[in-house]
Structures are given as structure tokens and as C-alpha cells.
Amino acid sequence: MNSVFKIFTKDSFIVPVVAILLGLIVGAIAMLAGGFDPLLAYGSLVKKVFGDAYNFGETIRQITPLIFSGLAVAFAFRTGLFNIGVEGQFMMGMITAVYLGVKLDLPAYIHAPLTIIVSTIVGGLWAAFAGWLKAARGVHEVITTIMMNWIALYMVNFILVTTLVPEGQQRSENIKESASIAIGWLSQMFESARMHWGTLLALVLALLFYIVLWKTKTGFELRATGFNPHAAQYAGMNVNNNVIKAMFISGCMAGMGGAAEILGVFHYQAIMAAQPGYGFDGIAVALIGGNTPIGVVLGAILFGILSFGANGMKMGAGVPVELIRVVIASVIFFVAAHGIVRFILKPVLSKKNKKEVL
């Protein structure tokens, strides 16, 4: 019991919770300034998310890709890299899943797993190229990954138009049923919400994130390289290989997320006029979650609830959807500027520390 109490009184737990509350308060102030009732708005948000089985299932569906992209960003951050290209890696996973889902004709027990594995690897290789450029040529990964987002967008559309989209259409054929990872019986329980195995994969991935980084030699080397590459090199670690390896693993997480969205939710790929935004939302999720696997899952839940519940705020309280972005941005601000939160909590934290000393 004492250990549980200690977890909930740790700075690492208190600061994010207070940051979230401050973000909600700032959002409420913004609503009041716009002439809206914040209590009604937040109540409508909760009702939208938890009001019925369908919306609750769709909220879980909204949370799932955020876990994948958040883990991808957080893994790179933990190894000292700024993978701003999760968006492109996610798209490469999507197009690979569509191509294999449409073109291959295999039994379900082979088709779906093979498609996920290949899509995961493609996302990893897309990220590993940016890692190689950093390791071999010293090109900063922020620049290359941002540029590769746009390359991925146009490459996806090129592949769609030339190989997958029937003439006169704006979307590919549906993937074969054997490639789908939708869970029919669970979907029926949630009133036809788009439930799929990708949610379980995302949670397993969060567990693997923790095991790889904190329980293996490889994870120790990756973290050491990110913390101080010169010290890591002096200790005999291959810094360049670790950079490429870290980017590859990060990209794999994003590629798997892209495959899960196609195979579990959409079952096709439309020609995209803009980037879908999964990767950029993943940056916010990783920041909210403090770049830890459990934090990313919780951050994705918060982000998903706020994003999906925005329509409820609009319908129930007349609040513009854009205001929910103010709430999310405020939460991110207070999480990132944790010094402000610690300053506000200074009297409480100082008393707690004195008690621990005594």
C-alpha cells in the first residue's frame, strides 16, 4: 500500500497531472472569454466519449494510432534523436499495407501477419535512411525526417495512382478480407465501432519499448549513445550503428501503426491532399507522456479523448472544435514548461521532501 502511495506522490506523477489540470483551466478561461459555458462543454465532451458503446469504441480506435506514433517519437527522444518523420514512416506503413492487402491472395493466418511485418520493416527502413545520413554524413535528423515526410506523401500518392487506384476513382480497392485485423465480435459489442487487433499490438509495443530500453544491453547502449555519444564511443560502443538502429526501431513502431490503421479501420487508401497528422500528434503525445511507455499510453488516452470529444463540445455546448486545440496546446505547454508547474507546487513539494527526510 505504501509503495502505491509513493508512486502517486512522486514528482514525476504529480507534475504531469497538475499540468493537465492547468491546461483544462486555461481552456475553461478561453471558453469563458468566448462566451461559452466550460462546465457544459466539458460535460458534453465526457458524454460524447462515454455516453454510449459506439462512441466509447470509436474513442479507443482514435487512441490506438496515437499510441503507435507517440511510442515512435518517444523511443527516438529517449535515444537522443529527434524523429520528426514519424508522419512519413506512418504513411509508408499504410501504403505497404494497402499494396500487400490488395495484391496478395493468401490465407488469413499468413496474409495479415505478413502484411503487418513487412509494413513495420518498411517504416523502419524509411527512418533508418535518415539515421544513416546522420551517422555517415552528419546530416541532422530533424532536417532529413521533415523532408522525408513530404517525399513519403508524394510517393504514396504516386504508388496509389499508378498501381492501386482504378481509373476515375480517388481511392484504392478494398484490401482482401484475409488481410483485415478487425474484430467482428468486439465491434458488434460496441455497436459497430471499428475495433481491431491493432489496439492490443500498441499495448504490447509499449511493453516491448520498456523491456528493450531498460532491460537489455542494446537498450542501455542506445540510451548511453543518446545521453553522451562521446562517452559511449570511449566505452567501446558503436555510436553510428546505434543511431541507425534507434531510428530503425522508431520507424518500425510508426510503420506498424500505419498498417494497423489500414488493416483494422479503413481497409483502403485514398489519394491524400495533405499529411494525415498522426506523426505530429505523436510528438504531442510523447511530450505529455514524458517519453515513457506508460506515459505515452496515458497521454494518447488523454489526447484521444479530447480530440474525439471535441465534436461533443461543439454539438452540446456550441464550442468551436478549434478550442479543444487550445486545451491540448495548454496541456503540452505546462508539461513542457514543467518549471512553471514546479514553481506553483513548490510549497507542497518542499513540505513533502522535508517529511521524507524526517
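Predicted model: local features only at pLDDT ≥ 70, side-chain atom pairs only at ≥ 80, totals over all residues.
Residues are numbered from 1 along each chain as its sequence is written. Local features need pLDDT of at least 70 and side-chain atom pairs count only at pLDDT 80 or more, whereas totals for chains, interfaces and linings use all residues; side-chain values use heavy atoms, with hydrogens and water left out.

An unreviewed UniProt entry lists residues 12-36, 59-77, 108-130, 142-165, 195-213, 282-306 and 326-345 under "transmembrane region"; such annotations may be inferred rather than shown by experiment. Residues 108-130 are 100% helix and 0% strand, with the end C-alpha atoms 34 Å apart. For residues 282-306 the values are 84% helix and 0% strand, and the end C-alpha atoms lie 14 Å apart. Helices here are DSSP runs (H or I, at least four residues) and strands are runs of E of at least two, numbered from the N terminus.

Helix H6 (residues 108-137) packs against H12 at an angle of about 145°, their axes being 6 Å apart. Axes are lines fitted to C-alpha atoms over the stretch in contact, and angles run from 0 to 180 degrees between N-to-C directions.

The whole structure holds four salt bridges, each a side-chain nitrogen of Lys or Arg within 4 Å of a carboxyl oxygen of Asp or Glu. In one of them Arg194 pairs with Glu58, the closest N and O atoms being 2.8 Å apart. Arg194 lies in the loop between helix H8 (184-189) and helix H9 (198-215) and Glu58 in helix H4, so the pair ties together parts that are 136 residues apart in sequence.

Helix H4 also contributes to the second largest pocket, giving the most to its lining with four residues. A pocket is an open set of points on a 1 Å grid over the protein atoms alone where a 1.4 Å probe fits, with protein on both sides within 12 Å along at least five of seven lines; lining residues have an atom within 4 Å of a point. Of the 13 lining residues, Gln62, Pro65, Leu66, Tyr278 and Asp281 are the closest to the centre of the second largest pocket.
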